[in-house]
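Biologist: I'd like to learn how to read a fold step by step. Could you walk me through this one?

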Amino acid sequence: MSTKTQRIDAATLLSIVLDEDSFQSWDSQPQQPVLNESYAADLNTARNRSGTDESVITGTGLIQGREVALIVSEFNFLAGSIGQAAVKRIVAAIQRATAARLPLLAGPASGGTRMQEGTLAFLGMVAITDAVRRHKEAGLPYLVYLRHPTTGGVMASWGSLGHITVAEPGALLGFLGPRVYQALYGEDFPEGIQSSENLFRKGLIDAVVTPQELPALASRALQILQPAQHPDAFPAPTGRTAFRNTEDVWHAVQSSRNPRRPDTRMLLATADDALPLNGTGQGEKDPGLMLALARFGDQRCVVLGQQRPRHPDTASLGPASLREARRGMQLAQELGLPLVTIIDTTGAELSVQAEEGGLAGEIARSLSELIGLRSPSVSVLLGQGTGGAALALLPADRTIAAQNSWLSPLPPEGASAILHRTTSHAPEMARQQRIGVDSLCEFGLVDHVVEEFVDAAARPREFCHELGAAIAAAISLAITIPAADRLERRQKKFHDLGEAAR
Ligand SMILES: CC(C)(COP(=O)(O)OP(=O)(O)OC[C@H]1O[C@@H](n2cnc3c(N)ncnc32)[C@H](O)[C@@H]1OP(=O)(O)O)[C@@H](O)C(=O)NCCC(=O)NCCSC(=O)CC(=O)O
């Protein structure tokens, strides 16, 4: 049995991904355990076959001028398998990267634990995992490029812990290697399941990219993920900028439903940079939510945006989208990046799957995480703000609203149906329930309104640019406040909502 995709060895990968002649090795001679003559012979053959002294090489290099630490597998050395010396080398490299505050890029390709060494090597997964955890806890980026093939204990430790994980096209990626499956079950594992492309479809990895495409992607990701050098160098706060909107709220509801109204996708397309991520990383994805790293002006952030379905009848927001949202919250928190949430939803999915998938619990967890999030946060009411799905992304340090956005417990037609047994009182309900932006300002929820000059759909690009600038300004206000104060103010704001308007 031999897998079809061509393997790229470690040296070739480094020569493609790194700036010319920038690689500097961190490796010293490995101390191999002395087990038996046959293993000594295997090691010898492996060295000759691969030209390396172990199954991984580590060091630093430049990716488009930016220094990164690297751990790259050499599959030609005993299938990139991990023995005790490889464990030591990987752990040392991660620790050195953490100490030097370097971002880390791992490029595994491996048959997992080295069978010749057995259990002690297997236990090394724990030490590697702990080193990665500490690196991430130090607020440093960890990127993973899964190469063909990556299996077993490598997939189950350092292969699956990336802030961002991308994979080589056509790579075989899985936990149980097909060779083992075949031997144990007497049949082949189903085709196409353990592939980069399928993992992408299932929301387990963020993208499938060739080695040639990796430097541009890694460089963009790191530009957004790495902490700013001078976080205080942002513009000073300019105070509260909310103003009253005199437009009728029913006009706002109608305009929020215009299919041509700018949406999250368009906002990201007009950002200074936006790198979409994919799925929960745990086997689910939902088109109702977009997760991206983005930059608005000087401000880098994680964006969680509700995306209106292209067709009104398809997909409202399900529990998976909120699990994906929580991945974004965790990413922001781990890397100390601001979080921007964008609310634009006709409401949460009403279905058996949504109920069984724990929709209500996900809304509760999302609220709880956002209100306690250590990162600075900005929420944006972009259009429709219906029910729990909208509320789930609302708690933030600052809230921006598009002039024709709104927030309500149900669509106005639903409220009308409850009170009047017909939807025809919707405009009246919208006014009565005080769902419009002028009310939201009065309640003390909205801090800044982005004008639409009647309707954002008539000037979508300009509107998105103005909204992007408002987001950058709101982030710069939020980040100047020390974290403990920020959290206290955020919590107080939500406890005190409406006090001023009463
Ligand atoms: C990785 C593969 C998909 C690659 O398949 P290919 O067809 O491309 O290549 P291949 O099978 O001929 O393997 C190339 C050479 O590497 C050897 N080889 C493969 N895996 C190895 C390993 N883990 N330790 C030591 N040697 C290994 C093979 O015996 C072969 O040696 P030669 O060239 O001499 O014939 C497959 O080898 C495979 O399914 N391996 C097992 C993966 C797995 O389930 N690992 C779990 C290990 S336990 C673990 O990691 C802990 C855990 O799971 O929690």
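This is a predicted model: local features need pLDDT of at least 70, side-chain atom pairs count only at pLDDT 80 or more; totals for chains, interfaces and linings use all residues.

Biologist: Is Arg 327 buried or exposed?

Modeller: Buried means under 20% relative accessible area. Arg 327 counts as buried because its relative accessibility is 13%.

Biologist: Which residues is Arg 327 in contact with, leaving aside its neighbours within four places in sequence?

Modeller: Its contacts are His 163, Ile 164, Asp 206, Leu 277, Asn 278, Gly 279, Thr 280, Gly 281 and Leu 291. To place Arg 327 relative to another part of the chain, take Leu 140: the two are 187 residues apart in sequence and 16 Å apart in space, C-alpha to C-alpha.

Biologist: Now to helix packing. What describes two packed helices?

Modeller: The general idea is to give the angle between their axes and the distance between the axes. Here, helix 3 (residues 84-99) and helix 4 (residues 119-137) pack at about 5 degrees, and their axes are 9 Å apart. Helix 3 is therefore roughly parallel to helix 4.

Biologist: Which residues of helix 3 and helix 4 meet?

Modeller: From helix 3 come Gln 84, Val 87, Ile 90, Val 91, Ile 94, Ala 97 and Thr 98. They meet Leu 120, Ala 121, Gly 124, Ala 127, Ile 128, Ala 131, Val 132, Arg 134 and His 135 of helix 4. By class, this contact has eleven nonpolar, four polar and one charged residues.

Biologist: And at what angle do helix 13 and helix 19 pack?

Modeller: Helix 13 (residues 359-372) and helix 19 (residues 483-496) make an angle of about 130 degrees, with their axes 9 Å apart. That angle makes helix 13 oblique to helix 19. Leu 370, Ile 371 and Gly 372 of helix 13 make the contact with Leu 487, Arg 490, Gln 491 and Phe 494 of helix 19. The residues of this contact divide into four nonpolar, two polar and one charged.

Biologist: Let's turn to strands. How do side chains alternate in a regular strand?

Modeller: They alternate between the two faces of the sheet. In strand 4 (residues 104-107), Leu 104 and Ala 106 point one way while Leu 105 and Gly 107 point the other, and all are buried.

Biologist: In which sense does strand 4 pair with strand 3?

Modeller: Strand 3 (residues 66-73) and strand 4 pair in the parallel sense over four bridges, and Ala 106 is the bridge partner of Ile 71. The chain goes from strand 3 through helix 3 to strand 4 in a right-handed β-α-β crossover. Strand 4 also pairs in the parallel sense with strand 5 (residues 142-146), over three bridges. In that pairing, Leu 105 stands opposite Leu 143. Strand 4, helix 4 and strand 5 form a right-handed β-α-β unit.

Biologist: Finally, in what order do the strands of the seven-stranded open sheet come?

Modeller: The order is 8-9-10-11-12-13-14, and the pairing is mixed. Strand 8 (273-277) and strand 14 (448-450) each have a single partner strand, so one side of each is left without a neighbour in the sheet. From one strand to the next, the twist averages 25 degrees.

Biologist: How many residues of strand 10 are buried?

Modeller: Eight of its eight residues are buried. One face carries Gln 299, Cys 301, Val 303 and Gly 305, and the other Arg 300, Val 302, Leu 304 and Gln 306.

Terms used: Residues are numbered from 1 along each chain as its sequence is written. Side-chain values use heavy atoms; hydrogens and water are left out. Axes are lines fitted to C-alpha atoms, for helices over the stretch in contact, and angles run from 0 to 180 degrees between N-to-C directions. Helices (H or I, at least four residues) and strands (E, at least two) are DSSP runs, numbered from the N terminus. Angles under 35 degrees count as roughly parallel, over 145 as roughly antiparallel, 65 to 115 as roughly perpendicular and the rest as oblique. Contact means heavy atoms within 4.5 Å. Ala, Val, Leu, Ile, Met, Phe, Trp, Tyr, Cys and Pro count as nonpolar, Asp, Glu, Lys and Arg as charged, and the others, Gly among them, as polar. Buried means under 20% relative accessible area, exposed over 50%, partly exposed in between (1.4 Å probe, protein chains only). Two strands pair if DSSP finds at least two bridges between them. A crossover is right-handed if, with the strands pointing away from the viewer, the path from the first strand over the helix to the second runs clockwise.
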